[in-house]
Amino acid sequence: MPRPPYADRRDAGQMLAAALAGDADAGALVLGLPRGGVVVAAEVAAALGAELDVLVVRKLGAPGHPELAMGAIAAVGDAVETVWVRRVLDRLTPDEADIDAVRHRETAELRRRAAAYRGDRPAPALTGRHVLLVDDGLATGATMRVAVDAVRASRPARLTVAVPVGPPEVVAELAAVVDALVCPVAPAHFRSVGQAYADFAETSDAQVADALVRGGTVS
């Protein structure tokens, strides 16, 4: 069996930073998607000398079908952006009160996690900046697509997606909706994000908080 290209998430972040070298504008902001993406993003931000923060995304499970995403929310500054999966809503036609209940519950959890990760630091401004969205890999690309849509609503000057690994077709789809996409490893026979890592252990909330303190520059 061939050796995975990355030892762990920190190694992936360092290699991703090398691929991004010279491609970050002045005042760039690196946003990591928790949990594992923040560990990768910390290495990217540190190497680029960029500010680092977290972008929390939560799935909105359909009422009665919690595993099926009818949408997702992302916290961008003080605003919560919502992206709906229209084909799911049209098929299930859930009651508006049930939709509101799910969104209210997930918004509370989103806010709790953002506060736990960020602490007392205010959320950074995105408008007019080069924003780099970083995760530890792409599978379906659904979470990253929500993040892209949420960040776009804040009108960044430039939006880059940077991930260590992903399936070629998903990489191509996302590349079409952002200004730049960097993905050093896109295996034709993609099975999972974890196949690219020798160590793909679950990331804890404490590791996320540590990475946010350790990596990048804090304004």
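Colleagues, the model is predicted; local features need pLDDT of at least 70, side-chain atom pairs count only at pLDDT 80 or more, and totals for chains, interfaces and linings use all residues. Residues are numbered from 1 along each chain as its sequence is written, and side-chain values use heavy atoms, with hydrogens and water left out.

I begin with the nonpolar interior. A nonpolar core here is a set of buried Ala, Val, Leu, Ile, Met, Phe, Trp, Tyr and Cys residues joined through side-chain atoms within 4.5 Å. Buried means under 20% relative accessible area, exposed over 50%, and partly exposed in between, with a 1.4 Å probe and protein chains only. The largest core has 41 residues, of which Leu16, Val30, Met70 and Tyr197 touch the most other members. Helix H2 gives the most to this core, with seven residues. Helices (H or I, at least four residues) and strands (E, at least two) are DSSP runs, numbered from the N terminus. Apart from this core lies another, of 26 residues, including Leu33 and Val57. In soluble globular proteins, nonpolar side chains tend to be buried together.

As for contacts, meaning heavy atoms within 4.5 Å, Leu16 meets Val40, Val44, Val134, Ala162, Val163, Pro164, Val182 and Pro184, leaving aside neighbours within four places in sequence.

Next, helix H7, residues 205–214. Which residues of H7 are buried? They are Val208, Ala211 and Leu212. Seen down the axis of H7, these buried residues fall within an arc of 100°, so they line one face of the helix; the arc is that of the directions from the helix axis to the C-beta atoms. Ala206 and Val213, on the other side of H7, are exposed. The cover over the buried residues includes helix H2 (36–48), strand E2 (51–54) and helix H4 (96–118).

I turn to the aromatic residues. The structure holds two aromatic pairs. Rings of Phe, Tyr and Trp (its six-membered ring) pair if their centres lie within 6.5 Å; planes under 30 degrees apart count as stacked, over 60 as edge-to-face and the rest as tilted. Tyr6 and Tyr197 form a tilted pair, 5.6 Å centre to centre with 40° between the planes. This pair joins distant parts of the chain, 191 residues apart: Tyr6 is in the segment before helix H1 (9–20), and Tyr197 is in the loop between strand E8 (180–182) and H7. Tyr6 counts as buried because its relative accessibility is 2%, and Tyr197 counts as buried at 4%. Ring pairs link Tyr6, Tyr197 and Phe200 into a cluster. Arg9 lies over the face of Phe200, 4.2 Å from the ring centre; for such a placement, NZ of Lys or CZ of Arg must be within 6 Å of the ring centre and within 35 degrees of the ring normal.

Finally, some backbone points. Most residues other than glycine have a negative phi, and most peptide bonds are trans. The peptide bond from Pro34 to Arg35 is cis, with omega near 0°, and Arg35 sits in the loop between strand E1 (29–32) and H2. Thr93, although not a glycine, has a positive phi of about 40°. Thr93 belongs to the loop between helix H3 (86–92) and H4, and is exposed, with a relative accessible area of 59%. Arg155 likewise has a positive phi, of about 60°. Arg155 is in the loop between helix H5 (142–152) and strand E7 (158–162), and counts as exposed at 58% relative accessibility.
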